[in-house]
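Welcome! Let us walk through this structure together, beginning with the overall picture and then turning to some strands and charged pairs.

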Amino acid sequence: MPQVEQDKDEINQFIDMAQEECQKGNKSEAVKILFEVVQRWPNCQFAHNDLGCILFNMGKRQQGFDCMRKALQLNPNDQRSLQNLAAMICESKRGEFDIDKVSPNRAHVYDQSYGFEGWGMQTSHAHPWAQDLDSTFLLQAHTEAIANFDSPRIPSLPGISIEEKWYNLLWRHWTITYAVRHAVEFTQEPDIKLVECGVCDGMSAFFTLKELKGQYYLEHINSFCLHLYDSWGSMREQGLLEEEKGIAGQFRENDIERTKKNLSDFDDNTVYHQGFIPESLNSSPTAPESISYLHIDLNSVEPTIAALEFFFPRLLRGGIVLFDDFGWKEYCPTREAVIKFFIDKPGIFMPSPTGQAIYYR
Ligand SMILES: C[S@@+](CC[C@H](N)C(=O)[O-])C[C@H]1O[C@@H](n2cnc3c(N)ncnc32)[C@H](O)[C@@H]1O
């Protein structure tokens, strides 16, 4: 039996004592008690969690974050610690406007409320995810991803923290979250079906599914199902334009088992369509007949247009098509082909400064 389990009663006594001290306003005393607990029982997740909250509330934010992350290392799925970490991120971004913080510094530091640098952008605006509680599911997904998500695409560059790597992606993930919410609200389909073409390790799918789960908790939908299309192999040369040939062989580290593990909380909400697009579109399992949301991230013209031609007629009114790499220089031929595809379609096509683009039907 693990030591923490064996000494449960003794630990609980300390935790109760710390809570009492906190209630009396003696936060420093509570911290002392909890420090002792984590020294004696370094694997006590609750103690790290409580210590994180108290230190953060005392203004020792970095120490608070460190403790909360330690708690999540010990139990990455602990909802209480995930929520606490999400609340801490929200809270630390709600600080007062401080011109020094706005100057184009690195924006990964958690207590900056304004300014962002990353993902090909530099802004000086307030972060939307710090503004209100509507970002709860995004922030939960973000903190959970830092703790758990296995992605060979998050490079292990020395000197850059894992938090910074994920932080750079926040604007992109915010867009995914809102695209999902738009599709839920405007297609009004209680049993919502969605498609992602180009899944890789499942990162964008993870954020999509997390938001959907949130929408399900809020009872905005009765069920959700995300159909995932990818070869889960390396990019083949077949079908690539002459100017795209350089990307053949990319994604050789793809592994469907890794994706399934990353999305394992959603086994009942996902359908895997492994194979190359366009062939896989008409293969088994069967594609959904009508969809509220289509995310395309395929990096080349042929499968992008094939996916559009196949799914666009199935997109419900109020639905969304989200493109991941629309504005990136490397994918200029895809951008041109997508613009051509939408030229005679109803609805609104909106490129975003994140490099994504959203089509609103
Ligand atoms: C950029 S990654 C997707 C990343 C993912 N959307 C995310 O943001 O987490 C592109 C993926 O598209 C897949 N892909 C590219 N061309 C494809 C094709 N013709 N058929 C199926 N999958 C393809 C690649 O295998 C790769 O996994």
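How many helices and strands are there in the protein chain? The protein chain has 14 helices and 9 strands, where helices (H or I, at least four residues) and strands (E, at least two) are DSSP runs numbered from the N terminus. Before going further, please note that this is a predicted model, in which local features need pLDDT of at least 70 and side-chain atom pairs count only at pLDDT 80 or more, while totals for chains, interfaces and linings use all residues. Residues are numbered from 1 along each chain as its sequence is written, and side-chain values use heavy atoms, with hydrogens and water left out.

Now for the chain as a whole. Of its 361 residues, 53% are buried; here buried means under 20% relative accessible area, exposed means over 50%, and partly exposed lies in between (1.4 Å probe, protein chains only). The protein chain exposes about 17,300 Å², and carbon and sulfur atoms supply 50% of that area. Such accessible areas come from the Shrake-Rupley method with a 1.4 Å probe, and for residues only the protein chains shown count as cover. Contacts (heavy atoms within 4.5 Å) tell another part of the story: among those between residues at least 6 apart in sequence, 67% join residues at least 24 apart.

Strand E3 (residues 191–197) pairs with E4 in the parallel sense over 7 bridges; two strands count as paired if DSSP finds at least two bridges between them.

E4, helix H12 (residues 256–262) and E5 make a right-handed β-α-β unit.

Let us turn to charged side chains. Side chains of opposite charge can pair when their charged atoms come close. The structure holds 12 salt bridges, each being a side-chain nitrogen of Lys or Arg within 4 Å of a carboxyl oxygen of Asp or Glu. One of them joins Lys8 and Glu5, whose closest N and O atoms are 3.8 Å apart. Lys8 is partly exposed at 41% relative accessible area, and Glu5 is partly exposed at 40%.

Another salt bridge links Glu10 and Arg40, with 3.0 Å from N to O. Glu10 lies in helix H2 (residues 8–23) and Arg40 in helix H3 (residues 27–40), so this pair ties together parts that are 30 residues apart in sequence.

Arg153 and Asp201 also meet in a salt bridge, at 2.8 Å from N to O. Arg153 sits in the loop between helix H8 (136–148) and helix H9 (162–167), and Asp201 in the loop between E3 and H11, so the pair ties together parts 48 residues apart in sequence. Arg153 is partly exposed, with a relative accessible area of 32%, whereas Asp201 is buried at 3%.

Note on methods. Right-handed = clockwise from strand over helix to strand, strands pointing away.
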